[in-house]
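Visitor: I would like to see how the labels on a structure follow from the numbers. Please take me through a few of them.

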Amino acid sequence: VVEGAGLLFEQGNAEELARKIKELMHNQEHYTQVANACQERAQQYDIHKMVAKHNELYHEVFKK
């Protein structure tokens, strides 16, 4: 879900997480890119879109 729209770090690696947070704090361009990508990804999971997709799938499965 996150790939390409967010920041990943090794589980339990607080230093890596801190580096990524600092980079966001000090690099406005990078922050904006990450924030925009996350916003776009979140819109893919909008509740209305998800309900519509589930309804489509339901109708496809039970048409047969």
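Guide: A residue counts as exposed when its relative accessible area is over 50%. Note also that this is a predicted model.

Visitor: Why is Phe-62 called exposed?

Guide: Phe-62 has 57% relative accessibility, and the cut-off is over 50%, so Phe-62 counts as exposed.

Visitor: What makes Ile-47 exposed?

Guide: Ile-47, which lies in helix α3, has a relative accessible area of 57%. The cut-off is over 50%, so Ile-47 is exposed.

Visitor: How many aromatic pairs does a search of the whole structure find?

Guide: The search finds one aromatic pair. Tyr-58 and Phe-62 form this pair, with 4.7 Å centre to centre and 45 degrees between the planes.

Visitor: Why is the pair of Tyr-58 and Phe-62 called tilted?

Guide: Planes under 30 degrees apart count as stacked and over 60 as edge-to-face, the rest being tilted. With 45 degrees between the planes, the pair is therefore tilted. Tyr-58 and Phe-62 are four residues apart in helix α3, so about one helical turn separates them.

Visitor: How do you know that the span of helix α3 agrees with what it should be?

Guide: Helix α3 (residues 47-63) has 17 residues, which at 1.5 Å a residue should span 24 Å. Its end C-alpha atoms are 24 Å apart, so the two agree.

Visitor: Why does Glu-16 have no salt bridge?

Guide: The nearest side chain of opposite charge, Lys-20, is 4.2 Å away. A salt bridge needs the atoms within 4 Å, so Glu-16, though buried, has none.

Methods:
Residues are numbered from 1 along each chain as its sequence is written. This is a predicted model: local features need pLDDT of at least 70, side-chain atom pairs count only at pLDDT 80 or more; totals for chains, interfaces and linings use all residues. Side-chain values use heavy atoms; hydrogens and water are left out. Buried means under 20% relative accessible area, exposed over 50%, partly exposed in between (1.4 Å probe, protein chains only). Lys and Arg count as positive and Asp and Glu as negative; His and the chain ends are not counted. Helices (H or I, at least four residues) and strands (E, at least two) are DSSP runs, numbered from the N terminus. The expected span of a helix is 1.5 Å times one less than its number of residues. Rings of Phe, Tyr and Trp (its six-membered ring) pair if their centres lie within 6.5 Å; planes under 30 degrees apart count as stacked, over 60 as edge-to-face and the rest as tilted.
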